[in-house]
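Please examine the sequence and the model shown below.

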Amino acid sequence: MSTMTMAKALNAGLRRALADDPKVLLAGEDIGRLGGVFRITEGLQAEFGEDRVIDSPLGEAGIVGTAVGLALRGFRPVVEIQFDGFVYPAFDQIVSQVSRMRFRSHGRLGVPMVVRIPYGGGIGAIEHHSESPEAYFAHTPGLKVVTPSNPLDAYWMIQQAVADDDPVIFFEPKRRYHEKGEVDVEAEPLPLYSARVVTPGTDATLLTYGPMVRTCVQAAVAAAEEGRSLEVVDLRSLSPLDDEAVFASVRRTGRAVVVHEAVGTLGLGAELAARIQQECFYELQAPVLRVTGYDLPYPPSRVEDGYLPDLDRVLDAVDRSLAH
Amino acid sequence: MNEFKLPDPGEGLLEADIVSWKVAVGDTVAVNDILLEIETAKSLVELPSPYAGVVLAILADEGATVEVGAPIIRIGRPDEASASVPSPSTSGAGPATPPAVAPASPASEALLVGYGAKSGTATRRPRKGQVADAPPAASVPAVAEPAPVTVPPAEPAPAQGAVAAVEPAPVPRAKPPVRRVARDLGVDLATVAPTGPGGTITADDVVAAAGGGSAPARAVSVPQDGERRVPLKGVRRQMFRSMTASLAVPQATAFVEVDVTATMQLIDTLKRRRDFTGLRVSPLAVFAKAACLAIERVPELNSRYDAASDEIVLPQDVNLGIAAATPRGLLVPNIKGANRMNLLELTRAVNDLVPLAREGKVPPAALSGGTFTITNIGVFGVDGGTPIPNEGEAAIMCLGTIRRKPWVVGTGEHERIEPRSVCTVTITFDHRLVDGEMGSKFLADVSTIMSDPALALLF
Amino acid sequence: MTEPAGTTATDPGDVPVQLLAPDGRRVDHPDFAFTGTDAEIAAHLRDMVLTRRIDTEATALQRKGELGLWPPLLGQEAAQIGSARATRDPDLVVPSYREHGVAWCLGVDPIDLLGTFRGTDMVDWPSRPDGFHLYSFVIGTQTLHGVGMAMALQREHRVGNDDAAANGAVVVYFGDGATSQGDVNEAFVFAASANAPVVFFCQNNQYAISEPTSLQSRIPLYRRAAGFGFPGVRVDGNDVLAVQAVTTWALERARRGGGPVLVEAFTYRMGAHTTSDDPSKYRTRDEEGEWGARDPIARVKAYLLSVGAIDQAWLDDLAAESEALAERLRAGCLALPEPLLADQWSNVYATTPDRLVRQREEYLAYEASFAEEAR
């Protein structure tokens, strides 16, 4: 067991994946010699060589498209998109090719690729560096979408994603890269597509993922001081969603609040609300509420604190839920 | 013999024009020989023959507009020539759906009709029997959609009696409107026995539980120590609660004795009218109408206080509550927009309400949103009293027993005593919203109408 | 200021490499030669004739309503046969969506080509799974996949070995319009950067639907390669000998570790873009006639007859073979199995997730609830 940052945990997980399977390759801009702009891939090129840890030319479509060719030939590419806002040039390759190759080939051709994307805001960045585009990918059949919220999950989930024969979009909450946590590199990990109850509670369920998990845990602590017991569920997997865990929690508490940075309209919260009202209709004491980014392009960093859900907005939603 | 139907020449077109035939009846054609040229919305297209043989019939004229799927030519063996009757279609509307002659395989017939935009139908596909009878094919899904009998595996079985310490209590299942009713009636859903599909609690279940019903769990307990103990539940609990709340309201009462003989005569007249046939006509309806008319002149009697904004709210409509003694206790269902009803409509509304109240089947919506209440204590033989306004309302008015009493009628030298039908009308009002003058004026107006209903025309 | 060189000035390389003139005469070229036998040329003729027959039949099938769409390769037979015949295992071939002649050469059953256009299937090649990738309909996307495969060959140590037979390269096909796509240009970048063993085979058939190549590029397409740092060659796409010679050179170079090459096969799309297109709206019969005079099949036939390598009997046999193939194609098309929606859930993921399993079962239950046969 050791304490490490999420960045180090990802680095360790990637190192282990590279060591365990010679077919695993990394590719992306600046990931080799520099070790990545967030140092996630630091030291890996020196250890595994330029053939396996590749500095790519600057073109996201090219990075993903060539990775398709490599994957079709039996390699397991793990490509990095440098920032969330730069995934869009690769969107066509991901949605038109990566997600569909298995479907169009009767299951014969799989694309066992991982696309790593640092995402989310709260780091005072300029435009295009604080996006949350996960819904576009969760909406695409054929892809899997996961996001760790802490170093332990980061360490294990990256390895599990690499080992999966399906393409996985791996969203890394960049504002949490430097936060530390305990990582047991020998423990049996949770299955990749399972949600986790982070803190149990009885009065309401907070459903969240990625950077907002920590925010929700802090909100639960504050709520406890007001005599309210909140259950925080880290979804971990956005596609597929762990329906059973979500429904079990909401049936127990009768109240759900979804929290995510991404724009509210047509975000993951909308899908969760739809599924919950369909399956838990008779157990709901209040409508499913969502605390999300507003329906704006991500604003200038000076006002991002007001844009992003925080402890107060989460608890305000809990208040409204409990008032029903 | 094969019949060639006009295929969709490309991407969703529904019809095409025959430009020119390249073959004639009697010609021998090979597969892929060009049969005709058509014009679509996009271009000129030559159509090759799918069949080899002799042209037996040409079924569409040059210049005709033909729908995709319509037969245009028959090709077969020479000896089949006499069997076919050419019936060229005229220009304009093409022939309707093709006859049953099936070329090649059924699958290709569907495709010969083309890939065009399917026009769709306006009728539903017929279902087999009851939808609920059709179980899913092969393996039953682990978690079905709202199939009545499926219990999600995650939910603990509702346990009666002993519940293990680690098992959470079963969650009562009720949809949101039912939960609202339960809250309004002060019912704890956990104590309600569900009778709805999938073990859900219905609104009727809640109301039954509120009324004390016949469930043994809510039965009156056996007397002990010379005392009887009755749990405070449901409607009685609600009454207790709301009457306690009304203690906070400063109330004043006023009453007036009214000669309602003219009202009784009106009622006789109404009973004989055809439009009142089958309706129970009583002074209560006139009383209700009088209240609504009087409210128009003194709307404060219909108001309420909004604490959040510290304002007096004067609604346009009168949602007239009528206090009803039901087997479950006091309920006050209200008639929405009673002010907009004429006497006939009001009579009907009251008629509809009475049996519902008696059977405890008042819909939850009728139990909320009231703005003014009337109560008929006269049915108990009581003259009057100091009624307590319904929670949140500014006033309540009650009608006492109508008795025959000696009454002074006439003026001057014609002054005399006659037996008249007389009753007492009492109002209690929230003195924060209604002052004495308003209350008295209101009462006087009601009295005026009840004593001479024709004067209602003045309102 | 004078224009920098290499933009609008002409270049000797603009003249396509040619080894067989339209009238059937053999021609010499300083840099390339066809070293095969007349028997091999006759085999090419057979390939081209049968390919053209497949194409014609498929077009007719569409006109009969048996296919929703067909993109004809009419006129491009030499470009496809010549280049495909230059490949051998372990080379990898990546088509766009018009390479029916390439598919023929690589052993794909022509009936396999039909399913996606008939709507009974997605794209797949049950008859030759390895080595020949699926058709791609997003223009140019396959160039990146081809480069990725070439990068894989490098990592599989199949490039630059002393034993040349162990080496492989990728041929990726695309058209003139595709060269404008970002993905194609990124493919050039990535291939050059990695020195990947890939032959970019561009069939410049003069049109992207209705748009002439001049709308895509101000300079001859083969010259684009120089901008990315690798060689480009323009070849007469209607000359099967020249195409094979140039492609052979390019593949051998790539297999040796020489990196990417761009081959521009200068040809003409004699047919429409697809069966939904009407070329009369944007080009003239005269132009079509000019190119018709440079037909790839005619010149080979003329040559072979002139040297006595084939005779009328040979041609009659070929015609009979062509008829039989056509018959087989027509019958095979009609016999393609109808798909079931119920089968579509199982190939979205390697292991179908629970939610999809439930969804499929709900669909089946819904269909079973109707009185008539479930679709």
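The following account begins with chain C and then turns to a pocket.

This is a predicted model, in which local features need pLDDT of at least 70, side-chain atom pairs count only at pLDDT 80 or more, and totals for chains, interfaces and linings use all residues. Residues are numbered from 1 along each chain as its sequence is written, chains are lettered from A in the order in which they are written, and side-chain values use heavy atoms, without hydrogens and water.

Chain C contains 13 helices and seven strands (DSSP runs, H or I of at least four residues for helices and E of at least two for strands). Its C-alpha atoms fill a box of roughly 75 × 50 × 50 Å along the principal axes. Of the 375 residues in chain C, 58% are buried, that is, under 20% relative accessible area with a 1.4 Å probe, protein chains only.

The second largest pocket holds about 1,100 Å³ of space. A pocket here is an open set of points on a 1 Å grid over the protein atoms alone, where a 1.4 Å probe fits, with protein on both sides within 12 Å along at least five of seven lines; lining residues have an atom within 4 Å of a point. The volume is the space filled by probe spheres set on the points, which are joined across faces, edges and corners. Among the 41 residues lining this second largest pocket, Ala135(A), Tyr136(A), Ala138(A), His139(A) and Thr140(A) are the closest to its centre. At least two lining residues come from each of α6 (134–138), β12 (237–239), β13 (256–263) and α10 (268–279) of chain A, and α13 (354–368) of chain C.

How values were computed:
Buried means under 20% relative accessible area, exposed over 50%, partly exposed in between (1.4 Å probe, protein chains only).
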